[in-house]
Amino acid sequence: MPANKKYLTASKTQRFAKITAGFFGGYGVTVSFFMAIGFWLDHINVLTTLRFGGFMLWATLFLLAFLFKNGWKAWGLYLVLTLTFSIIIHFSKIYHPII
Amino acid sequence: MSNRVYNILFHTHTVSGIVISVALFVIFFAGSFSFFRDEIIGWERNEPVMEGMDLKDIDVDRMLDSISEQKELYGRDVSFTKFFNERRLGVNITASQDSKAGDKAQIREFFYMDAENLNSYTYGSNYSIGEFLYRLHFFAQLNLWGTSGYLLSGFVAFFFLFAIITGVFVHWKKIVSNFYVFRPMASLKNLWTDAHTALGILGLPYQFVYAVTGTCLIIGTSVMSPAVVTFMYDGDTNELYDDFGFNPLRFDMRGEKLAEIPSVNAFVAKAGQKWKGFEVKSVKIYNYGDKNMRIGIDGYTSHNLKFAGRGDILYDLDGAELQVTDPHSETSYQDAAMAVITQLHYGDYGGVPLRIVYFILGIASCFVIISGVMIWLVARDKKHVPEKQRKFNAWVVWIYLAVCLSLFPVTAFTFLMVKVFLTEFTPERLNHIYQIFFYSWLILSVFFTLKRDNYFTNKYTLICGAVLGFMVPLANGWTSGNWLWVSLSAGHYQVFFIDVFWLSLSVVALIIASNLKRTVKKHMQVSSYKKKEKASSLDNKAVLAD
């Protein structure tokens with residue numbers, strides 16, 4: 001009954017890319033996403049949600065990384081998302097600061 | 001779902017599950033016992049308390065008097081907190097704000113104090129099996145490098161969440177039909193699969209709640225906050241603490257001593273009557289003995305009235321309310337979220353019956369974990385799998401089962417030993433409990449691993465645990481005189497509960513053990529190794545002899 005190997009990633013570098021993309025990339029997307037919206041909604045509520053909801057999002061992103069055919073594309077997508085949210089954070093800090 | 005997606009999800013479910021299995025088993029096992037932490041402690045110390053006692057029922061003035069006789073309290077903040085339902089309160093005393101205070105008053109102190117006989121205890125001498133099992137369930141004993149134990153348990157919980165999500169996807173199509181399927185007479189693989197899916201689906205809401213709340217409680221702040229502090233607060237942790245109300249209140253001293261210290265009990269009583277069903281959990285005295293002394297009182301409404309009602313009041317010496325949070329007014333999102341998370345995790349909102357249900361579900365989750373490991377083994381125990389690989393798998397399961405299942409007799413043994421031999425509350429208490437538990441766990445794990453027989457491990461851990469478990473109430477009656485009937489008629493509910501708890505656990509374990517039958521097919525593959533190995537070693541010897 002073990003999963004059919006035909007569908008699994010055989011290459012070691014691909015496996016590495018997917019696991020790291022899911023773990024580190026997923027974390028980056030999660031945290032930057034919550035911070036970006038935190039500047040525009042009530043940041044205390046958003047950060048409280050991050051403490052539990054963040055893990056649900058992160059686990060989902062972790063899972064999605066495995067579904068990519070190419071693990072580096074997962075990395076690419078997660079980096080682009082993190083970067084986008086980071087830009088929002090950067091400008092929010094200037095124009096709509098919380099502290 | 002395409003075949004590709006199904007197989008990928010299935011594989012991630014298997015790998016994440018098998019990697020965390022042992023750690024998760026320990027977490028669920030110790031965590032399930034922790035539901036009865038307060039009962040265990042009341043039983044262990046022979047200091048039963050009634051459920052629902054709060055600081056209103058305690059003479060805080062008497063405790064303060066006793067502390068002020070031994071310590072210089074002027075200008076310090078003293079707080080009494082009832083963390084758990086036990087006689088001993090946590091006492092925290094800050095460093096004095098008075099520059100003329102003696103050296104001893106310049107340092108922060110923490111200890112436990114018995115509200116009845118006023119004995120005080122350090123962390124080590126206050127240690128208990130209840131505390132041990134509670135802390136084992138988040139690997140506090142593995143905090144060897146910083147908070148490595150907390151992080152480990154947190155990430156195990158996180159991967160558990162991952163395994164639950166993938167598990168739901170994998171079983172999604174068959175989720176309804178699987179619910180009705182149980183084929184104990186079919187092949188062993190079907191038995192384990194049915195048990196895993198049926199109990200996994202039944203326990204799904206429970207397990208999901210535990211994965212999320214557990215991760216949040218243990219690593220929610222430590223993993224998420226560094227990025228937030230750096231990028232949102234420009235590295236200013238203090239600012240974040242202020243936003244979330246983590247920073248303790250402080251008030252400046254006036255520098256004039258009070259002629260007479262007013263009664264703190266009166267303030268507690270006043271606060272306790274302010275709202276319906278308000279339970280006082282913590283009393284803080286700011287600037288003790290100074291003219292600017294203040295009294296802060298924190299608590300919750302009883303769960304019957306409101307699920308998440310936190311209230312606090314700050315009084316000045318004249319009894320004026322300087323700051324009030326009404327527990328019956330609308331609860332903030334932050335307070336509500338944290339209250340829901342902690343209460344769902346602690347299972348403390350429905351009395352003992354709810355905690356018993358939680359305990360059963362927790363042990364059922366242990367079974368889901370073990371059956372998952374068994375599926376993993378049986379599914380790979382095929383002729384086309386290389387011999388070396390199969391041998392490795394068999395060893396993995398021998399070790400896993402030995403480590404996990406021996407927890408039951410080890411826990412019973414610890415209860416027994418502590419009750420009989422650790423009757424003094426000395427600072428070495430902590431070390432002794434560690435030694436009893438960890439050494440017996442090591443010995444049993446090694447023994448059962450070397451037996452290399454899963455059936456034997458399963459059966460004899462249950463029998464051994466049951467026999468030791470039956471001795472727990474006997475040991476208690478023998479050492480303390482609190483036999484079941486004595487504690488029942490005296491109304492010592494906590495003591496009575498733990499005795500009955502061990503009796504019922506032992507009966508159930510014995511029933512299960514006596515129903516275990518060695519199916520020849522079951523260990524065909526695994527035990528055939530042993531035979532083959534023995535045969536081959538005999539051959540070798542024969543060859544050598546020749």
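Helices here are DSSP runs of H or I with at least four residues, strands are runs of E with at least two, and both are numbered from the N terminus. By that count, chain A has three helices and zero strands, so its elements read α-α-α from the N terminus on.

Before going further, please note that this is a predicted model, in which local features need pLDDT of at least 70 and side-chain atom pairs count only at pLDDT 80 or more, while totals for chains, interfaces and linings use all residues. Residues are numbered from 1 along each chain as its sequence is written, and chains are lettered from A and ligands numbered from 1 in the order in which they are written.

Now for the meeting place of the chains. Two residues are in contact if their C-beta atoms, placed from the backbone, lie within 7 Å. The contact takes 28 residues from chain A and 35 residues from chain B. On the side of chain B that touches chain A, α8(B) gives the largest share, ten residues. Within chain A itself, 84% of the contacts between residues at least 6 apart in sequence join residues at least 24 apart.
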